[in-house]
Amino acid sequence: MKKIFWLKSENPEDYIWRFKNNPITKLEETDYWHIFNSAFIFKDGIYHAIFRVEDKGGCPILITGESKDGINFKYGKPIDFHYKDGRKFEFLYAYDPRFIEVEGRYFVVFCADVNGPCIYIAETKDFKNYTMLPSGFLPFNRNGVLFPEKIKGEYLMLSRPCSFSNTSSGDIYLSYSKDLVYWGNHKFLMKHFDTGRNFWERIKIGAGPAPIKTKEGWLLIYHGVQATCNGWTYSFSVALLDLKDPSKVLYKAKRYLLTPEEDYERVGFTNNVVFPTASLVDEEGHVTIYYGCADTHVGIAFTTIEKLLKFVKKYN
(Lines give C-alpha, C1' and ligand atoms only; values in the text may rest on other atoms or scores of the structure.)
Protein backbone atom coordinates (compact mmCIF):
# COMPACT_ATOMS: atom_id res chain seq x y z
CA MET A 1 0.00 0.00 0.00
CA LYS A 2 1.23 3.50 -0.84
CA LYS A 3 1.43 6.06 1.92
CA ILE A 4 -2.02 6.95 3.17
CA PHE A 5 -3.27 10.31 4.37
CA TRP A 6 -1.97 10.50 7.94
CA LEU A 7 -0.82 13.34 10.18
CA LYS A 8 1.46 13.24 13.20
CA SER A 9 0.25 14.37 16.62
CA GLU A 10 1.67 17.47 18.27
CA ASN A 11 1.61 15.55 21.56
CA PRO A 12 3.72 12.36 21.53
CA GLU A 13 1.71 11.04 24.49
CA ASP A 14 -1.55 10.90 22.50
CA TYR A 15 -2.96 7.48 21.73
CA ILE A 16 -5.33 8.94 19.14
CA TRP A 17 -5.85 12.42 17.70
CA ARG A 18 -8.41 14.06 15.44
CA PHE A 19 -7.95 15.70 12.05
CA LYS A 20 -8.10 19.43 12.77
CA ASN A 21 -10.27 20.09 9.72
CA ASN A 22 -13.02 17.66 10.76
CA PRO A 23 -15.65 16.98 9.64
CA ILE A 24 -14.64 16.17 6.06
CA THR A 25 -18.22 16.03 4.76
CA LYS A 26 -19.68 19.31 3.52
CA LEU A 27 -23.43 18.92 3.58
CA GLU A 28 -24.00 22.40 2.21
CA GLU A 29 -22.43 21.27 -1.07
CA THR A 30 -24.89 18.39 -1.47
CA ASP A 31 -28.63 17.73 -1.49
CA TYR A 32 -28.30 15.25 1.38
CA TRP A 33 -29.50 15.66 4.93
CA HIS A 34 -26.72 13.55 6.51
CA ILE A 35 -23.54 11.75 5.35
CA PHE A 36 -21.98 9.44 7.96
CA ASN A 37 -20.96 5.87 8.96
CA SER A 38 -19.30 5.19 5.61
CA ALA A 39 -16.82 2.72 4.07
CA PHE A 40 -13.38 3.65 2.73
CA ILE A 41 -10.56 1.79 1.01
CA PHE A 42 -7.33 2.88 -0.69
CA LYS A 43 -6.27 1.25 -3.96
CA ASP A 44 -3.85 2.34 -6.69
CA GLY A 45 -3.59 5.86 -5.32
CA ILE A 46 -7.36 6.42 -5.14
CA TYR A 47 -9.58 6.51 -2.07
CA HIS A 48 -12.84 4.73 -2.84
CA ALA A 49 -15.85 5.21 -0.61
CA ILE A 50 -19.37 4.01 -0.06
CA PHE A 51 -21.21 6.72 1.79
CA ARG A 52 -24.24 6.21 3.95
CA VAL A 53 -26.42 9.17 3.05
CA GLU A 54 -29.92 10.28 3.91
CA ASP A 55 -31.92 12.52 1.64
CA LYS A 56 -34.34 15.12 2.94
CA GLY A 57 -36.91 12.36 3.30
CA GLY A 58 -34.65 10.62 5.80
CA CYS A 59 -34.23 7.25 4.05
CA PRO A 60 -30.70 5.76 4.35
CA ILE A 61 -29.12 4.70 1.04
CA LEU A 62 -25.58 3.93 -0.15
CA ILE A 63 -23.74 5.96 -2.80
CA THR A 64 -20.26 5.76 -4.30
CA GLY A 65 -17.48 8.26 -3.68
CA GLU A 66 -13.92 8.92 -4.79
CA SER A 67 -10.97 11.06 -3.70
CA LYS A 68 -7.31 11.59 -4.55
CA ASP A 69 -6.32 12.88 -1.11
CA GLY A 70 -8.60 11.02 1.33
CA ILE A 71 -10.26 14.27 2.43
CA ASN A 72 -12.08 15.87 -0.48
CA PHE A 73 -14.50 13.39 -1.99
CA LYS A 74 -16.64 13.51 -5.10
CA TYR A 75 -20.02 11.98 -4.42
CA GLY A 76 -21.32 9.49 -6.96
CA LYS A 77 -24.63 7.82 -7.68
CA PRO A 78 -26.79 5.55 -5.52
CA ILE A 79 -25.64 1.94 -5.80
CA ASP A 80 -27.93 -0.54 -7.52
CA PHE A 81 -27.00 -3.95 -6.15
CA HIS A 82 -27.65 -6.92 -8.45
CA TYR A 83 -27.28 -10.68 -8.22
CA LYS A 84 -25.26 -12.62 -10.80
CA ASP A 85 -28.43 -13.56 -12.68
CA GLY A 86 -29.32 -9.88 -13.12
CA ARG A 87 -31.98 -9.63 -10.44
CA LYS A 88 -31.96 -6.41 -8.47
CA PHE A 89 -31.47 -6.61 -4.73
CA GLU A 90 -34.60 -5.03 -3.27
CA PHE A 91 -34.53 -3.55 0.23
CA LEU A 92 -36.27 -0.94 2.32
CA TYR A 93 -33.09 0.89 3.29
CA ALA A 94 -29.32 0.21 3.65
CA TYR A 95 -26.68 1.57 5.96
CA ASP A 96 -23.31 1.31 7.80
CA PRO A 97 -21.11 -0.32 5.10
CA ARG A 98 -17.58 -1.66 5.58
CA PHE A 99 -15.01 -2.29 2.84
CA ILE A 100 -12.78 -5.36 3.15
CA GLU A 101 -10.12 -6.73 0.82
CA VAL A 102 -9.66 -10.49 1.11
CA GLU A 103 -6.94 -12.08 -1.01
CA GLY A 104 -7.31 -9.58 -3.84
CA ARG A 105 -11.10 -9.57 -3.82
CA TYR A 106 -13.03 -6.49 -2.70
CA PHE A 107 -16.19 -6.81 -0.65
CA VAL A 108 -18.61 -4.47 1.03
CA VAL A 109 -20.52 -5.75 4.04
CA PHE A 110 -23.56 -3.70 4.97
CA CYS A 111 -26.86 -3.81 6.77
CA ALA A 112 -30.15 -3.66 4.88
CA ASP A 113 -33.74 -4.04 5.93
CA VAL A 114 -35.44 -6.92 4.16
CA ASN A 115 -38.15 -8.08 6.55
CA GLY A 116 -35.88 -6.81 9.31
CA PRO A 117 -32.28 -5.58 9.42
CA CYS A 118 -29.65 -8.11 8.43
CA ILE A 119 -26.08 -8.46 7.11
CA TYR A 120 -25.43 -8.64 3.36
CA ILE A 121 -22.27 -9.00 1.26
CA ALA A 122 -21.53 -7.65 -2.22
CA GLU A 123 -18.38 -7.87 -4.33
CA THR A 124 -16.91 -5.28 -6.67
CA LYS A 125 -14.11 -5.19 -9.23
CA ASP A 126 -14.35 -1.51 -10.18
CA PHE A 127 -15.89 0.18 -7.08
CA LYS A 128 -18.87 1.20 -9.17
CA ASN A 129 -20.77 -2.02 -9.80
CA TYR A 130 -21.63 -4.38 -6.96
CA THR A 131 -22.70 -8.02 -7.24
CA MET A 132 -24.66 -9.51 -4.36
CA LEU A 133 -23.76 -12.80 -2.75
CA PRO A 134 -26.59 -15.01 -1.49
CA SER A 135 -27.58 -14.04 2.02
CA GLY A 136 -25.97 -16.16 4.71
CA PHE A 137 -27.50 -14.56 7.80
CA LEU A 138 -30.98 -14.18 9.27
CA PRO A 139 -32.56 -11.06 10.74
CA PHE A 140 -31.96 -9.49 13.16
CA ASN A 141 -28.23 -8.86 12.86
CA ARG A 142 -25.99 -5.82 12.40
CA ASN A 143 -22.37 -4.66 12.32
CA GLY A 144 -21.08 -7.37 10.00
CA VAL A 145 -17.31 -7.17 9.47
CA LEU A 146 -15.13 -9.62 7.52
CA PHE A 147 -11.56 -10.44 8.47
CA PRO A 148 -9.15 -9.32 5.71
CA GLU A 149 -7.77 -12.82 5.15
CA LYS A 150 -8.82 -16.43 5.46
CA ILE A 151 -7.73 -18.34 8.53
CA LYS A 152 -7.24 -22.07 8.15
CA GLY A 153 -9.03 -21.92 4.81
CA GLU A 154 -12.14 -20.17 6.13
CA TYR A 155 -13.63 -16.69 5.99
CA LEU A 156 -14.44 -15.11 9.34
CA MET A 157 -17.27 -12.66 10.04
CA LEU A 158 -17.91 -10.55 13.12
CA SER A 159 -21.53 -9.63 13.80
CA ARG A 160 -23.95 -8.50 16.49
CA PRO A 161 -27.24 -10.38 16.68
CA CYS A 162 -29.90 -8.16 18.17
CA SER A 163 -33.55 -7.93 19.08
CA PHE A 164 -36.21 -6.41 16.84
CA SER A 165 -35.99 -3.09 18.65
CA ASN A 166 -32.17 -3.19 18.84
CA THR A 167 -32.32 -1.36 22.15
CA SER A 168 -31.91 -3.92 24.93
CA SER A 169 -28.33 -5.16 24.51
CA GLY A 170 -25.81 -6.54 22.05
CA ASP A 171 -22.58 -8.57 22.01
CA ILE A 172 -20.07 -9.52 19.31
CA TYR A 173 -20.08 -13.00 17.74
CA LEU A 174 -17.73 -14.74 15.32
CA SER A 175 -18.89 -16.94 12.41
CA TYR A 176 -17.03 -19.12 9.89
CA SER A 177 -17.58 -19.95 6.21
CA LYS A 178 -15.75 -21.67 3.38
CA ASP A 179 -17.64 -19.85 0.61
CA LEU A 180 -19.05 -16.57 2.07
CA VAL A 181 -22.57 -18.01 1.73
CA TYR A 182 -23.01 -20.77 4.30
CA TRP A 183 -22.02 -19.55 7.76
CA GLY A 184 -21.73 -21.63 10.92
CA ASN A 185 -19.62 -22.61 13.91
CA HIS A 186 -20.89 -19.40 15.51
CA LYS A 187 -18.93 -18.40 18.60
CA PHE A 188 -19.57 -15.85 21.31
CA LEU A 189 -16.60 -13.46 21.20
CA MET A 190 -17.01 -10.35 23.35
CA LYS A 191 -19.58 -9.34 25.96
CA HIS A 192 -20.56 -5.75 26.65
CA PHE A 193 -20.14 -4.38 30.18
CA ASP A 194 -18.20 -7.53 31.06
CA THR A 195 -16.32 -6.14 34.08
CA GLY A 196 -19.31 -4.38 35.60
CA ARG A 197 -17.24 -1.20 35.69
CA ASN A 198 -16.71 -0.39 32.00
CA PHE A 199 -19.86 1.72 31.84
CA TRP A 200 -18.88 3.31 28.53
CA GLU A 201 -20.16 0.09 26.86
CA ARG A 202 -22.97 -0.73 29.28
CA ILE A 203 -25.74 -1.11 26.68
CA LYS A 204 -24.09 -2.85 23.73
CA ILE A 205 -20.98 -3.20 21.58
CA GLY A 206 -20.34 -3.81 17.88
CA ALA A 207 -17.40 -4.34 15.54
CA GLY A 208 -16.02 -1.32 13.69
CA PRO A 209 -13.56 -1.53 10.76
CA ALA A 210 -11.96 -4.76 9.52
CA PRO A 211 -9.53 -6.14 12.11
CA ILE A 212 -5.91 -5.01 11.70
CA LYS A 213 -3.30 -7.77 11.51
CA THR A 214 -0.21 -7.30 13.68
CA LYS A 215 2.56 -9.60 14.87
CA GLU A 216 0.88 -9.72 18.28
CA GLY A 217 -2.64 -10.44 17.08
CA TRP A 218 -5.68 -8.89 15.42
CA LEU A 219 -6.50 -5.37 16.59
CA LEU A 220 -10.27 -4.93 16.69
CA ILE A 221 -11.62 -1.39 16.90
CA TYR A 222 -15.18 -1.56 18.18
CA HIS A 223 -17.90 0.80 19.39
CA GLY A 224 -19.68 0.75 22.72
CA VAL A 225 -22.85 2.44 23.93
CA GLN A 226 -23.53 4.05 27.30
CA ALA A 227 -26.97 5.10 28.53
CA THR A 228 -27.26 8.45 30.23
CA CYS A 229 -30.14 10.57 31.50
CA ASN A 230 -29.65 12.60 28.29
CA GLY A 231 -29.71 9.67 25.87
CA TRP A 232 -27.14 7.25 24.48
CA THR A 233 -23.44 7.97 23.96
CA TYR A 234 -21.43 6.06 21.33
CA SER A 235 -17.66 5.81 21.92
CA PHE A 236 -15.05 3.39 20.60
CA SER A 237 -12.11 1.42 21.90
CA VAL A 238 -9.91 -1.53 20.98
CA ALA A 239 -9.37 -5.24 21.71
CA LEU A 240 -6.66 -7.69 20.65
CA LEU A 241 -7.58 -11.14 19.30
CA ASP A 242 -5.32 -14.14 18.92
CA LEU A 243 -3.60 -14.22 15.53
CA LYS A 244 -4.17 -17.92 14.78
CA ASP A 245 -7.46 -18.28 16.65
CA PRO A 246 -9.38 -14.97 16.70
CA SER A 247 -12.08 -16.50 18.89
CA LYS A 248 -9.64 -15.91 21.76
CA VAL A 249 -9.61 -12.39 23.21
CA LEU A 250 -6.13 -11.59 24.51
CA TYR A 251 -6.77 -8.04 25.66
CA LYS A 252 -9.84 -5.78 25.83
CA ALA A 253 -9.60 -2.18 26.98
CA LYS A 254 -11.80 -1.29 29.94
CA ARG A 255 -12.10 2.37 28.86
CA TYR A 256 -12.87 4.21 25.65
CA LEU A 257 -10.21 5.25 23.15
CA LEU A 258 -12.31 8.06 21.62
CA THR A 259 -15.57 9.56 22.90
CA PRO A 260 -17.70 12.49 21.68
CA GLU A 261 -15.99 15.71 22.76
CA GLU A 262 -16.01 18.03 19.75
CA ASP A 263 -19.14 19.96 18.77
CA TYR A 264 -19.56 18.01 15.51
CA GLU A 265 -19.54 14.76 17.55
CA ARG A 266 -21.80 15.98 20.34
CA VAL A 267 -24.44 17.82 18.34
CA GLY A 268 -26.22 16.47 15.26
CA PHE A 269 -29.10 14.30 14.13
CA THR A 270 -28.15 11.88 16.92
CA ASN A 271 -26.15 13.63 19.61
CA ASN A 272 -22.98 12.18 21.15
CA VAL A 273 -21.86 9.63 18.59
CA VAL A 274 -18.45 8.55 17.27
CA PHE A 275 -18.90 5.41 15.14
CA PRO A 276 -15.78 3.87 13.48
CA THR A 277 -16.31 2.17 10.11
CA ALA A 278 -12.95 2.20 8.30
CA SER A 279 -9.26 2.04 9.14
CA LEU A 280 -6.50 2.43 6.55
CA VAL A 281 -3.04 1.13 7.47
CA ASP A 282 0.26 1.67 5.68
CA GLU A 283 3.55 -0.23 5.81
CA GLU A 284 4.92 2.12 8.48
CA GLY A 285 2.11 1.22 10.88
CA HIS A 286 0.21 4.47 10.51
CA VAL A 287 -3.57 4.10 11.03
CA THR A 288 -6.19 6.49 9.67
CA ILE A 289 -9.67 5.93 11.09
CA TYR A 290 -12.83 7.23 9.40
CA TYR A 291 -15.77 7.52 11.75
CA GLY A 292 -19.34 8.79 11.81
CA CYS A 293 -20.00 11.93 13.85
CA ALA A 294 -23.40 12.43 15.52
CA ASP A 295 -25.15 10.60 12.64
CA THR A 296 -24.51 13.69 10.53
CA HIS A 297 -20.90 13.86 9.30
CA VAL A 298 -17.72 11.87 8.70
CA GLY A 299 -14.57 12.61 10.67
CA ILE A 300 -10.98 11.35 10.64
CA ALA A 301 -8.72 10.33 13.53
CA PHE A 302 -5.11 9.17 13.48
CA THR A 303 -3.10 6.67 15.50
CA THR A 304 -0.52 3.92 14.97
CA ILE A 305 -0.43 0.17 15.44
CA GLU A 306 2.17 0.66 18.17
CA LYS A 307 -0.03 3.10 20.09
CA LEU A 308 -3.11 0.88 19.80
CA LEU A 309 -1.16 -2.08 21.18
CA LYS A 310 0.18 0.00 24.07
CA PHE A 311 -3.31 1.31 24.83
CA VAL A 312 -5.07 -2.06 24.89
CA LYS A 313 -2.40 -3.59 27.11
CA LYS A 314 -2.28 -0.65 29.52
CA TYR A 315 -6.04 -0.48 29.99
CA ASN A 316 -6.82 -4.22 29.78
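1. First, the terms: two strands pair if DSSP finds at least two bridges between them. Strands (E, at least two residues) are DSSP runs, numbered from the N terminus. Residues are numbered from 1 along each chain as its sequence is written. Please keep in mind that this is a predicted model, where local features need pLDDT of at least 70.

2. With that in hand, have a look at S16 and S17, which form a hairpin with two residues between them. Strand S16 covers residues 212-214 and pairs with S17 in the antiparallel sense over three bridges. Lys213 stands opposite Trp218 in S17.

3. On its other end, how many residues link S17 to S18 in their hairpin? Two residues join them. S18 (residues 231-241) runs antiparallel to S17, with eleven bridges between the two. Leu220 is opposite Ala239 in S18.

4. Strand S15 (residues 204-207) is also antiparallel to S17, joined by four bridges, and Gly206 stands opposite His223 in S17. S17 itself (residues 217-228) is mostly covered, with ten of its twelve residues buried (under 20% relative accessible area, 1.4 Å probe, protein chains only).

5. Elsewhere, five strands make an open sheet of mixed pairing, in the order S6-S10-S9-S8-S7. Strands S6 (81-82) and S7 (94-102) stand at the edges with a single partner strand each, so one side of each has no neighbour in the sheet.

6. Glu101 has Tyr106 in S8 as its bridge partner.

Definitions and conventions
Predicted model: local features only at pLDDT ≥ 70, side-chain atom pairs only at ≥ 80, totals over all residues. Heavy atoms only, no water. Buried < 20%, exposed > 50% of the residue type's maximum accessible area, 1.4 Å probe, protein only.
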